Amino acid sequence: MFWKIARYSILFLLPLGFLSCGEYQKVLKDTDVTRKYEYAQKLYDEGDFKRANRLLEQIAPQFVGKPQGERVMFFFANSYFEIGDYNFAGYQFERFLKSYPRSDKAAEAAFLGAKSYYMLSPKYSLDQTDTDKALTKLQLFINSYPESEYTVEANAMAQELTTKKEKKAFEIAKQFVKLGEYYVLDYNLSAISSLDNFVNDYPGSVYREEALFQKFRATSNLAINSTFRKRKERLDEAMEAYNNLIKNYPETEFSKDAEKLLEAIQDELNKYTELENLAK
């Protein structure tokens, strides 16, 4: 009995689908702008953003400067957002804001435009151009609409993107440290420079503790493998990096590895002192 009912229901609904599709095709080809607008509104309200978008694309230019223009342009931009075409969504929301800066929808448009670029942000290991653009747009929105209902979400997205950029910068520096264990001088110098820049650029980073440890690791690798002439200076720099780590994080989670490196540095300092005394 159930299968009979289901079969008849499907057979009943199929003609309605064909009718809807047929009507849409007619409106798509129609030259009546008002009819296109009304049908696009109907599809938009029903959540059929893809088909609404096609109609809005046809009629949007004809509503520029007209009373319905603001409404059409917002729906047009948001339909792109809803179907996941974030490049066009971001572009269209920017156009909307330029055309209607005092619109009641301005805050929402600014937020959705920024969110469009946020959605385009790739994983941390890839080029972060879209991440930078998203951060700029999000910060502009936060500064322009600090009391908006979207501000909390915008701040959360900005923090997520900032952490992503931090991770990229930190992983590059860590890679230099790792390479420095095999190719020593050049990579360790690059690691130290990258880690210093990282700590300065992201003072509140969640990776700061590890960055300080990795700097100690890099300075240790560099010092231990340096020539006698440069060893003392670099051993002192390694000790300074260790002290900086412990000063900022007395209970650091890297204490075990840091202590092993410290022992190696102290041994090298003792050897250097002995050799220096012999030379006298």
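Leu56 touches Ala40, Val72, Phe75, Phe76 and Ser79 when residues up to four places away in sequence are not counted, a contact being taken as heavy atoms within 4.5 Å. The structure is a predicted model, in which local features need pLDDT of at least 70 and side-chain atom pairs count only at pLDDT 80 or more, whereas totals for chains, interfaces and linings use all residues. Residues are numbered from 1 along each chain as its sequence is written, and side-chain values use heavy atoms, with hydrogens and water left out.

A nonpolar core is here a set of buried Ala, Val, Leu, Ile, Met, Phe, Trp, Tyr and Cys residues joined through side-chain atoms within 4.5 Å, and buried means under 20% relative accessible area, with exposed over 50% and partly exposed in between, for a 1.4 Å probe and protein chains only.

Helix 4 is mostly covered, with eleven of its 14 residues buried; among them are Val72, Phe74, Phe75, Phe76, Asn78 and Tyr80. The buried residues of helix 4 pack against helix 2, helix 3, helix 5 and helix 6. At 1.5 Å a residue the 14 residues of helix 4 should span 20 Å, which agrees with the 20 Å between its end C-alpha atoms; the expected span is 1.5 Å times one less than the number of residues. Just after helix 4, Gly84 takes a positive phi of about 85°. On the side of helix 5, Gln92 is buried with a relative accessible area of 6%, and Gln92 is in contact with Phe76, Ala77 and Tyr80 when neighbours within four places in sequence are left aside.

The axes of helix 2 and helix 4 come within 12 Å and cross at roughly 45°, which makes helix 2 oblique to helix 4. Axes are lines fitted to C-alpha atoms, for helices over the stretch in contact, with angles from 0 to 180 degrees between N-to-C directions; angles under 35 degrees count as roughly parallel, over 145 as roughly antiparallel, 65 to 115 as roughly perpendicular and the rest as oblique. In this pair, Tyr37, Gln41 and Tyr44 of helix 2 meet Arg71, Val72, Phe75, Asn78 and Ser79 of helix 4.

The axes of helix 10 (residues 208-224) and helix 11 (residues 228-248) come within 8 Å and cross at roughly 165°, and the two helices are therefore roughly antiparallel to each other. Residues of helix 10 including Leu212, Phe213, Phe216 and Ala223 meet residues of helix 11 including Leu235, Ala238, Tyr242 and Leu245. Asn221, also found in helix 10, is buried with a relative accessible area of 14%; Asn221 and Ile265 are 44 residues apart in sequence and 9.4 Å apart in space, C-alpha to C-alpha.

Technical notes
Helix = DSSP H or I, 4+ residues; strand = E, 2+ residues; numbered from the N terminus.
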